Amino acid sequence: TGYYCAPASGYAVLNGRGIYVSQSELAGKMGTTTSGTNLGNVAPALNKYNGRNGNKFHYATMQGYQLSGESMTAQQWAMKFTNAAISTLIGNYGVIYDVHQVAGSKNYLSGYGSSTEGAYYSMYHYVAGEGFDSSDPSRRKCYYYDSNNKDLGNHHMVVTFQVMAVLCNDRGLIY
């Protein structure tokens with residue numbers, strides 16, 4: 001469904017760890033409705049299956065860092081976001097990006113915009129982080145799996161971490 005992107009991303013992340021659970025079961029644990037899934041429900045639902053041996057998922061938002069008393073610029077958020085995602089991926093755990101794309105913005109997920117028009121439309125969407133390339137530190141690449149992008153034929157996508165951090169700054173990262 002168009003509103004199962006969080007369970008689909010959770011399915012991909014758990015499946016990558018050899019943990020098999022259906023999207024519908026995850027949707028129930030995450031409290032998914034036709035309106036979508038609340039970010040605060042995703043990590044606790046994943047931890048019901050993967051929270052052994054201290055391997056627990058957490059989530060962060062730019063606002064969350066500010067609430068903890070840490071004043072942060074967008075650039076500092078992008079660095080913390082990138083480092084949290086990369087260190088989690090290095091540990092062979094997937095991450096989930098909670099995206100907020102704004103129509104016309106220069107920052108958009110692959111397939112949801114163009115360099116001339118920007119983002120085609122506004123949306124909230126979860127995608128599963130599946131890898132990275134940091135060979136060029138100034139343009140680190142974020143590889144992700146988009147369960148909902150049927151038009152492209154390939155669900156494996158890439159944007160820079162700078163773009164992904166902007167897309168997630170008011171939503172969050174599950175890592």
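Is Thr37 buried or exposed, and what is its relative accessible area? I found Thr37 buried, with a relative accessible area of 9%; buried means under 20%, exposed over 50% and partly exposed in between, with a 1.4 Å probe and protein chains only.

**Basis.** I worked on a predicted model, in which local features need pLDDT of at least 70, side-chain atom pairs count only at pLDDT 80 or more, and totals for chains, interfaces and linings use all residues. Residues are numbered from 1 along each chain as its sequence is written, and side-chain values use heavy atoms, with hydrogens and water left out.

**Surroundings of Thr37.** I placed Thr37 in the loop between helix 2 (23-30) and helix 3 (39-50). Helices (H or I, at least four residues) and strands (E, at least two) are DSSP runs, numbered from the N terminus. Setting aside residues up to four places away in sequence, I listed Tyr3, Ala6, Pro7, Met30, Thr32, Val42 and Tyr126 as touching Thr37, contact being heavy atoms within 4.5 Å. The side chains of Thr37 and Thr32 are joined by a polar contact of 2.6 Å. Such a contact is a pair of N or O atoms within 3.5 Å; within protein, one must be able to donate a hydrogen and the other to accept it, and residues adjacent in sequence count only if both atoms are side-chain atoms.

**Cores.** I then looked up the largest nonpolar core, which has 26 residues. A nonpolar core is a set of buried Ala, Val, Leu, Ile, Met, Phe, Trp, Tyr and Cys residues joined through side-chain atoms within 4.5 Å. Phe81, Tyr97, Val99, Leu109, Tyr144 and Met164 touch the most other members. Elements giving two or more residues to this core include helix 5 (74-90), strand 2 (95-101) and helix 6 (161-168). Helix 5 gives the most, with seven residues. For Met164, beyond its neighbours within four places in sequence, I noted contacts with Phe81, Tyr97, Val99, Leu109, Val127, Cys142, Tyr144 and Val159. Another core, of 20 residues, lies apart from the largest one, and Val42, Ala45, Tyr126 and Ile174 are among its members. Val42 and Tyr126 also touch Thr37.

**Helix 1 and helix 2.** I recorded that Ala6, Pro7, Ala8, Gly10, Tyr11 and Leu14 in helix 1 meet Gln23, Leu26, Ala27 and Met30 in helix 2. By class, this contact has eight nonpolar, two polar and no charged residues; Ala, Val, Leu, Ile, Met, Phe, Trp, Tyr, Cys and Pro count as nonpolar, Asp, Glu, Lys and Arg as charged, and the others, Gly among them, as polar.

**Whole chain.** I counted six helices and eight strands in the protein. Buried residues make up 45% of its 175 residues.
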